[in-house]
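Here is a short note to read beside the model. Keep the sequence and the 3D view open as you go.

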Amino acid sequence: IRKTEKRLKGIWPLTEVYWVWARMEEEKEDHAKTDEYLKRALAQVGGDLDTKDKLNWTMAWNEKHQKNFAFAEGLLQKLMTESQNEPTQHRAAFWLGKMKQELQKTDEAKDVFEKLIADDPLGYYGLLAYHELGKPILQVQKSTTPPLSEEVEKELQATLKPEIAEGLIAV
């Protein structure tokens, strides 16, 4: 990685190189160096939103591991609101709720988890939010709508491919 850094320095942004360095330092639990490399990477990221999200996530995670929950809370709040990527927003929201719990902001944490459930009720982080709140996962109830008439079934079968018609009728 050092050779790559030397070769590319001055000709190409070193954002990914610094991110790899940061991850290596994170594995060694050298949080100060992790932070240093992440700041270097963020200074060069430019308009690449996915890479910016990745760097901000890693920085928030690094702060969480240092138990800097208030700083991690701010980073996660920013990531949740500024990211254009919905799964990243959901991941940031869940961990924002966890940081708020660590900071004894239980009402705020509850609000974050409730919003996450509303935004992503069947996604991974939405399901974790149900768990955090001790709520049961909502079950789909059997339809109270009367079955289709024979006339409508025949019309569906005549109009659509048989496998599609059968699927719709079964629902």
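1. **Ground rules.** This is a predicted model, in which local features need pLDDT of at least 70 and side-chain atom pairs count only at pLDDT 80 or more, while totals for chains, interfaces and linings use all residues. Residues are numbered from 1 along each chain as its sequence is written, and side-chain values use heavy atoms, with hydrogens and water left out.

2. **The whole chain.** The protein chain has 10 helices and zero strands. Helices (H or I, at least four residues) and strands (E, at least two) are DSSP runs, numbered from the N terminus. Of the 171 residues in the protein chain, 32% are buried. Buried means under 20% relative accessible area, exposed means over 50%, and partly exposed lies in between (1.4 Å probe, protein chains only). Take the contacts in the protein chain with a separation of 6 or more: 36% of them join residues 24 or more positions apart. A contact means heavy atoms within 4.5 Å.

3. **Helix α2.** Residues 15-27 form α2, a helix of 13 residues. From first C-alpha to last, α2 reaches 19 Å, close to the 18 Å expected at 1.5 Å a residue. The expected span is 1.5 Å times one less than the number of residues. Which residues of α2 are buried? They are Thr-15, Val-17, Tyr-18, Trp-21, Ala-22, Glu-25 and Glu-26.

4. **α2 against α4.** General point: two packed helices are described by the angle between their axes and the distance between the axes. Axes are lines fitted to C-alpha atoms, for helices over the stretch in contact, and angles run from 0 to 180 degrees between N-to-C directions. For α2 and α4, the angle is about 20° and the axes are 11 Å apart. α2 and α4 are therefore roughly parallel to each other. The cut-offs are under 35 degrees for roughly parallel, over 145 for roughly antiparallel, 65 to 115 for roughly perpendicular, and oblique for the rest. Thr-15, Glu-16, Trp-19, Arg-23 and Glu-26 of α2 meet Thr-51, Lys-54, Leu-55, Thr-58 and Trp-61 of α4. By class, this contact has three nonpolar, three polar and four charged residues. Ala, Val, Leu, Ile, Met, Phe, Trp, Tyr, Cys and Pro count as nonpolar, Asp, Glu, Lys and Arg as charged, and the others, Gly among them, as polar.

5. **Helix α5.** Residues 69-82 form α5. Its 14 residues should span 20 Å at 1.5 Å a residue, and its end C-alpha atoms are 20 Å apart, which agrees. Phe-69, Ala-72, Glu-73, Leu-75, Leu-76 and Leu-79 are buried in α5. Where do the buried residues of α5 pack? They pack against α4 (49-65), α6 and α7.

6. **α5 against α6.** These helices pack at about 155°, with axes 8 Å apart. α5 and α6 are therefore roughly antiparallel to each other. Their contact divides into 10 nonpolar, three polar and three charged residues. Among the residues that meet are Phe-69, Leu-76 and Met-80 in α5, and Ala-92, Trp-95 and Met-99 in α6.

7. **Two positive phi values.** Most residues other than glycine have a negative phi. Glu-29 is not a glycine, yet its phi is positive, about 65°. Glu-29 sits in the loop between α2 and α3 (31-44). It counts as exposed because its relative accessibility is 61%. Gln-104 also has a positive phi, near 65°, and is a residue other than glycine. Gln-104 lies in the loop between α6 (86-102) and α7 (106-119). Gln-104 is exposed, with a relative accessible area of 64%.

8. Asp-35 is in helix α3. Is Asp-35 buried or exposed? Asp-35 is buried, because its relative accessible area is 14%. Leaving aside neighbours within four places in sequence, Asp-35 is in contact with Met-59, Asn-62 and Glu-63. Thr-88 is in helix α6 and counts as buried at 11% relative accessibility. With neighbours within four places left aside, Thr-88 is in contact with Asp-53, Leu-79 and Ser-83.

9. **Pro-87.** This residue lies in helix α6. At 57% relative accessibility, Pro-87 counts as exposed. Pro-87 and Tyr-125 are 38 residues apart along the chain, with their C-alpha atoms separated by 8.7 Å.
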